[in-house]
Amino acid sequence: MTNILPIFLTGFAMSAALIMAIGAQNMFVLRQGLKREHVGSIVLFCAGADALLIAAGVGGVGALLGAMPQWTMALTIGGALFLGWYAIKAFARMMTPEAMAVTAQDGVSLGRALTTTAAFTFLNPHVYLDTVLLMGAAGSAQAPALRPVFVAGAASASILWFVGLGYGARVLTPLFARPAAWRVLDGIVGVTMLTLAVTLVGRLAA
């Protein structure tokens, strides 16, 4: 029992440190939280995907992926294209003069929202670097009997983060009643996505 808590906290702290960095997935969850659109499903998907990828990494998938550079290159190209496309969409929204009206007509379906969430999750090479490779290596270093405890700690951090990000965003709702606030947010989203896309392309050229 005395060995369980430190291992749990190690997984929790490491996952929290990696997941809180500003990235494409977090920006998308924040925007959906502000819109109050399919938040529960998106949060559940993101947290579940993190737990699955971390468990896979601890189980040895990270070593397998490290030996497949072609797969990594294909993933990087796909991720760069997707992030570039989403950046263009964000900049286009930023140029719209009207305030965002969150209505049934303006919203997206649950299927489309989850498809976009999946793209942000699985087309981002950084997700595999963080969850499968880094977290996987740290978890694999634990005793076999304690590896599930490490995964549980890491998954707990992911759940708390996405719940806080998705549902905590509504605290900012009064601010985003103004068109200028949405323009600023979409500008930040666009710059973030474009920067990540350029970074991925730069890695291919290096």
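Begin at the second largest pocket, which holds about 350 Å³ of space. The model is predicted: local features require pLDDT of at least 70 and side-chain atom pairs pLDDT 80 or more, while totals for chains, interfaces and linings use all residues. Residues are numbered from 1 along each chain as its sequence is written, and side-chain values use heavy atoms, with hydrogens and water left out.

A pocket here is an open set of points on a 1 Å grid over the protein atoms alone, where a 1.4 Å probe fits, with protein on both sides within 12 Å along at least five of seven lines; lining residues have an atom within 4 Å of a point. The volume is the space filled by probe spheres set on the points, which are joined across faces, edges and corners.

Select L18, I19, N124, V127 and D130, which lie nearest the pocket's centre among its 18 lining residues. Next, colour α1 (4–19), α2 (24–35), α3 (39–58) and α7, each of which supplies at least two lining residues. The largest share, five residues, comes from α7. Helices are DSSP runs (H or I, at least four residues), numbered from the N terminus.

Move on to Q142, in the loop between α7 (125–140) and α8 (147–168). Display I7, R147 and F150, which Q142 touches, leaving aside residues up to four places away in sequence; contact means heavy atoms within 4.5 Å.

Finally, select I77 in helix α5 (residues 69–94). I77 is partly exposed, with a relative accessible area of 39%.

Conventions:
Buried < 20%, exposed > 50% of the residue type's maximum accessible area, 1.4 Å probe, protein only.
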